[in-house]
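Welcome, and thanks for taking a look at this one with me. Here are a few notes to read alongside the picture.

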Amino acid sequence: MAVLGLRRDSGMPPKTKGRRRKAEARKKKKNSSPGVEAEAKHRLVLLEKELLQDRLALQREEARRAKASEDRLKQRLQGLEAELERTQSEGKAIYAEMSRQRQALKEELGTRSKQLEEEVRSLKEQLETCQREAKTAKEEAERALRKQDGTLAQLHAHVADMEAKYEEILHDNLDCLLAKLRVVKPHWDANVLRLHTRLKEQLRQFGLNPLDL
């Protein structure tokens, strides 16, 4: 841990620092005595240990970052899964509502269709009834007109017959009256003449001139 603290304070990357120390150790190994070589080996062991520790620390950091990234990805994935589940739930709800509305509309259309069919059937029956009634009324009117025409014709014939009979009776009565007048006319003429003569005589007796009257 002291070595790690030294590395952090120097700011030098672990690999560069290790390579430099190995080069120094090799250089010293060539020109050193057995004691120095042992010390160099000891330092080399320490450097390898430090490098191993640095590598482990780097791996732990990378593992920590990878774990953090994995956690973030898991969290994001959970959010996406929750959103997907919510979307699917909303989609199912919308589909269920649309299915319900479609079924309700289908039922309404079916009911309305049956009502319209019933209305059409009723209207057809009413139309047929009206047509039959109109035909019957027309036939009755035509029969009444024919009957009325026949009655009028009979009345005209009867009136014409009565007029002919009345005219005949009138002519007969007139002929009879004229005959009677012709019979009584001479008697009436004589009586009228006698009456006229008597009145004229009476007027003269009173001193009146009949011509002045």
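1. Let's begin with one side chain: Arg-43 is partly exposed, at 43% relative accessibility (buried is under 20% relative accessible area, exposed over 50%, partly exposed in between, with a 1.4 Å probe and protein chains only). Its partner in a salt bridge is Glu-39, with 2.9 Å between the closest N and O atoms; the term asks for a side-chain nitrogen of Lys or Arg within 4 Å of a carboxyl oxygen of Asp or Glu.

2. Numbering runs from 1 along each chain as its sequence is written, and side-chain values use heavy atoms, leaving out hydrogens and water.

3. The chain reads α-α-α, with 3 helices and 0 strands (DSSP runs: H or I of at least four residues for helices, E of at least two for strands, numbered from the N terminus). Of its 213 residues, 5% count as buried.

4. Please check the confidence (pLDDT, from 0 to 100 for each residue): the mean is lowest in helix H1 (residues 2-10), at 38, and highest in helix H3 (residues 34-205), at 86. Where pLDDT is low, the predicted coordinates should not be read in detail.

5. The structure holds 10 salt bridges. One of them joins Arg-121 and Glu-125 at 2.5 Å.

Methods. Predicted model: local features only at pLDDT ≥ 70, side-chain atom pairs only at ≥ 80, totals over all residues. pLDDT = per-residue confidence, 0-100.
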